[in-house]
Each structure stands twice: as C-alpha cells, then as structure tokens.
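Me: Got a model open and want a quick walk through it. Can we start with the strands, then go on to salt bridges and confidence?

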Amino acid sequence: MADAASHASFLPPVLVFCAAAVVAVPIFRRIGFGAVLGYLCAGLAIGPDGLGLISEPETAAGVAELGVVLLLFIVGLELNLSRLVAMRRNIFGLGLAQLALTAGTVVGVVTMSGVATRGAVIIGLALALSATAIALQTLEERGDLRTPYGERTFAILLFQDLSIVPILALVPLLATAEDLGATGGNLITTLLAIGRAFAAVAAVILIGRYFLNPFFRLLATSGAREVMTAAALLVVLGSALAMENVGLSMAMGAFLAGVLLAESNFRHQLEADIEPFRGVLLGLFFMSVGMSIDINVVSTHAMLLALAAPALVVGKLAIGAIAGRVFGAPWRDALRMGALLGPAGEFSFVVFPLAASRGVLDEEVVQVLTALAALTMLIGPILAKLLDRVTDRLQPPELAEAADLDAFADASGKVIVIGFGRFGQVVNQLLLAKHVDVTVIDHNVDRIREAARFGFKIYYGDGMRLDVLRASGAAHASVICVCVDDADVSLKIVELLRAEFPGAAIYARALDRSHAIALMQQDVDYQLRETFESALSFGRSTLEELGFSREEAIAVQDDVRRRDVARLMLQKSEGLLGGADLLHRGLATELTPEPLTEPTAAPHGINAETRGIIEETEADKEAAA
C-alpha cells in the first residue's frame, strides 16, 4: 500500500502553480500588461532557469495543452452563420488582408535570413496572429468593443481564430511533404492517412449534427448540473482525441465540436460549464511556456531579440493600419486597431513547439521565437498606450466619440429575455416585430423544444448563474427582461444583475403586489404585475357593457391605475398597509386602517399625477385631524 507521502506528492507543484498565478497575474494586470504576460513571467520565475521550484516543466505540458483545446471549443461556439454573414466584409476581407500581408512580409524577412521555406512559412503565419486575450481585454477596459474600430479589430481577430485550425493542420502537412521528398514516400499510405482524417472529420460532423442536441436535451431533463458539465467535457475531449488519432490536432476536433454546437439551444450553458476549466488550464499552459524558455538561449541572442521584438510590433501596427485605412477606417481608428494587433498571438506558443516536434523548426529557433513572442506581448500594450496619447493630441477624444456615436445612431440595443413562459413569449413578440436582436434564456427543456417547432431560438441556461449571464452577453446588453414565473428566483436574478451589470436597464415581471414592492426596493428600472393591466382592461370592458360610455370607462381605468401607482410608492416606504385609503371601496362610510407602526420615511411620487394624489391624501389627513 502506498504511503501518505506518495499520495500528497502532486500537491507541491499544484500549490506552486496557484501561488505563482495569484501573485503574478494581478500585478501584471494592474500595470496594464495583461494576464497572459503575467502567466508567462510566473512560469519563467518558477521554472528551471528561475527559482527552480518546478524542475520538470514538461510534466505539466500535457495537461496544460487541454487549455488550448478548450479555448478552441469556446471559439467555435462563438461562430454561428448569422454572425459570420453580418461581418463577412471585415472578417474575410480585412482579416484576410491583414493576415496575408503580415505573414508575407515576415516570410520574406525570415527567408532572407537563411531559414528554409517551409520553416519560414510557419514562422510568418504564427507571428502574423495577434494576442486575442490582450486585444479584447484592452477594448473592454476602454469600453470600445462596440465602436467601429473595436468591431473591425474583433473581425480581424475572428478571422485569425478561423485561421488557427488550418495553420495547425498545415504543420504536419509540411513535415510530411518534406519526408516524402526525401524518401520517395509511400503514396498509398499517405492517401490512406488523408482518407482517415476526412472520415474522422465527417464522423464528428454527423454526430454533432444529429446526436448532440438530443443527447444534451436528455441529460438536461435529469436536472443534474454536474452531469451537463461532464457531458460538455466528454464532447470536447472526445472529438479532440478522435482528431489526434488520425494525425490531426486536438484543437481541430474541439473547434469542430464548438462550431457544431454554436446553433444549439445549450450553447450558453456549455460555454458557462467549460469556461472555468478553460481559464485555469490556459493559464497553466502559458506558465508551462514560460517555464520552457531557455535563459541561456535568450541571453545568447539578446541583441537579435532587442531589435526583432520592436520591429515586429511596429511592422504589424503599420500593416494593420494600412489595411484598415484601405477598408474605410479613419486614420485614428486604423492606427488604434493596428496597435492592438501588434503583439504576437497566444497560438504562436502552440504552433512553434508543434513545428519543432514535427522537425519543421529547430529547437533553438523555437526558443528564440517563443521569447520573441513573449517580448511583443510586453512591448505591444506599452506602444498602444503611447499611441493613444499621441492620437488624442492630434484629434481630441470628444470629436472621435461624436463620430462613433453618429456611426451607431441607427443601431438597436441588444436585449436579453430570461424566461420564455406565457409572459416572456408576448414580450418577445413585440421585440421581434421591430427586428430587435434578442437573446432568450430558459431552463425548461420541453418549452425550448416546443418553441423550436414554431421557429424560435431559445438558449438553454439558468438565469441565476453569473457565468451563464456573462456567456449570453449581459455585459453588453441594453435591456435585460426578467420574465420568470418564480418570485424568489426573479429577485435573485435581479440582485445579481444589479450587482454585476449596472450598465443594463432591468425590466422585471412581478407576480403579485408583494413581489412588485420587493422589485422596487431593488431599484429595477421597470416592473409590471402580470395580471394588473389585463384586469384593468377587463374591468373597463365590463363598465362599457353596463352602459357607461367608453370615455367614462377609460377615465375610471386611468384613475385606478394612478391610485395604484401611488399606493405602490406608499407601500414601498410604509409597508403593505400604506396607501389603503386610496382604494375605491364603494361604501357609504369608508374604513381607514392605520399602519401598525409609524412610517419613518415620507411618501413621494414618481410623477406629477402620483405626487398630486399623495398631496391630496395628506391634506385630507390633516383636515381630519
């Protein structure tokens, strides 16, 4: 039987990784360099050439690679056909131009330095990619993700994400082509390998197209959240393993699975389930990259790196800016976009080791390139900040903001509807009638299946989970409509939304008067009891049937509505008995119940009508006293 020490032997490395991340990442994010560089430096510090806390970094590389696999799955989930069509010019035009021009320039420079053509192609393509994490984080911190230059930057990053899988697939193909050229190769063996690869891709597509949605629907009916998480990991890792077994990259399998589930009702739930694993494992991946940097190699090529890193960042900035200008961006926006594209991408840390393992690049060259990519991540954000200051002097920020607002004058805000019951369905009809972009979330599988029969797209997810709300785009939503049919759940969702997404207006369905008051106390922007307006219409129609004129019935309806609003405001401050004297009782002598305790706050109206009613009520009380 193994002793206790052997069971605990894995804990020290885990604690070292966690401690390094906890210390380094907040520091680097605070000084504006981003989490990626923090992980890289943390890995460098704890690795063999640093403090030596981790002596064998390759032991973590296998597990860390799963972070890249999960990242590709998330990228695939973000790609649905409608989004690609709407951004097709910027994605496939501007994105292709930036990648091709940058890669071509780098390939030319590297080839002149004496690197073989197949290695130069891989280096050019890898360094042409940009750091998605750094660029998107910078845009979110600036609040520029929805601006024209922010959307162009995102389109280029999206095209680069689409290019990652072909680039990863190109590495073994280049290695195979070299081997065949040297040995004559076996054509039949090569064709069989290609056939197996196509068969595996076809199998993943067929399974994803016809079996994954029913599979997740069946699991969702069990109500076990952990089973859904396990199923998500099963799909991602299973498709990754299938691709690896036929000679393709695991990332390609995960990407395919993500794309196939992009139109699924369970997309947001899957993204929320995978995200924690992706973040932790991707951080571990970057630390393993940092640990693998050989300080001796870097010091040997210090002069080369000191010249190459700034040159690469400035070159990518210039190419990105020129491409943006050609596609209609103003110079200021084009320069800011180019600066965000300057740092080398995270996937250069995947492509270079893969190329070394296939014999396309030498190990020493890979060490130098890895260090170069890391240095660009340090230089890029600094250059972007300096460029912002320069462009702000040339063009005041207020003028640029005005131009951006004009560009978005016709844009409609995104709306998230949580709950697709009888109330949410009616709300959704009004929004769709005006072509408003709506994301609907519900956790009832039967309801989602029934809605699909009528052509509605509903995402499966729990509105009380912060990760689901983030995955569905709550951070960028203009309005979030809480239409669930459970008062306690509704209040929890509103509390979460108010704390985490202060920029969104919160509209909430109230089930009864007590629920409405509780929602008002949480400062929702709008609440409505689900039966109130229908009861008013019903009562008005009854009065008309009894012989009252339509105008008189409408006047009574409006009076009851005004009194009800005033009562709600009084009840919010005084309790449920507040404003009871505003009720129509139809008695000769009306009762006036007093509150059990003296109210501590004076009532106040939300508009001129309710203020008038409250003032009349207070005057009547004083006269009676």
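Reply: Start with strand 5, residues 505-510. Five of its six residues are buried, so strand 5 is largely enclosed by the rest of the structure. Buried means under 20% relative accessible area, exposed over 50%, and partly exposed in between, with a 1.4 Å probe and protein chains only. Helices (H or I, at least four residues) and strands (E, at least two) are DSSP runs, numbered from the N terminus.

Me: Before we go on, what are the ground rules?

Reply: This is a predicted model, where local features need pLDDT of at least 70, side-chain atom pairs count only at pLDDT 80 or more, and totals for chains, interfaces and linings use all residues. Residues are numbered from 1 along each chain as its sequence is written, and side-chain values use heavy atoms, with hydrogens and water left out.

Me: Which way do strand 4 and strand 5 run, parallel or antiparallel?

Reply: Parallel, with four bridges joining strand 4 (residues 479-482) to strand 5. Pairing requires at least two DSSP bridges between two strands. Cys-481 sits opposite Tyr-507 of strand 5.

Me: And strand 6, how many bridges to strand 5?

Reply: Four, again in the parallel sense; strand 6 covers residues 526-529. There, Ala-508 faces Gln-527 of strand 6.

Me: What links strand 5 to strand 6?

Reply: Helix 25 (residues 513-521), in a right-handed β-α-β crossover. Strand 4, helix 24 (residues 487-500) and strand 5 also make a right-handed β-α-β unit. Right-handed means that, with the strands pointing away from the viewer, the path from the first strand over the helix to the second runs clockwise.

Me: Salt bridges next. How many are there?

Reply: The structure holds 12. The cut-off is a side-chain nitrogen of Lys or Arg within 4 Å of a carboxyl oxygen of Asp or Glu.

Me: What does Arg-529 pair with?

Reply: Asp-564, at 2.2 Å from N to O. Asp-564 belongs to helix 27 (residues 550-574) and Arg-529 to strand 6, so the pair ties together parts 35 residues apart in sequence.

Me: Are those two buried or exposed?

Reply: Asp-564 is buried at 8% relative accessible area. Arg-529 counts as buried too, at 13%.

Me: What about Glu-530, which partner does that one have?

Reply: Arg-422, with the closest N and O atoms 3.6 Å apart. Glu-530 is in the loop between strand 6 and helix 26 (532-545), while Arg-422 is in helix 21 (residues 422-433), 108 residues apart. Glu-530 is partly exposed at 22%. Arg-422 is exposed at 61%. Arg-509 joins Arg-422 and Glu-530 in a salt-bridge network.

Me: Where does Arg-562 sit relative to Asp-559?

Reply: Both are in helix 27, three residues apart, which means about one helical turn. Arg-562 is partly exposed at 27%.

Me: Zooming out, how many helices and strands does the protein chain have?

Reply: 28 helices and six strands. Of its 625 residues, 46% count as buried.

Me: Now confidence. What is the mean pLDDT of the protein chain?

Reply: 76, and 76% of residues reach 70 or more. pLDDT is the predictor's confidence in each residue, from 0 to 100.

Me: Where does pLDDT stay under 50?

Reply: Residues 179-186 are one such stretch, with four contacts beyond four places in sequence. Another is residues 587-597, with nine such contacts. A contact means heavy atoms within 4.5 Å. Where pLDDT is low, the predicted coordinates should not be read in detail.
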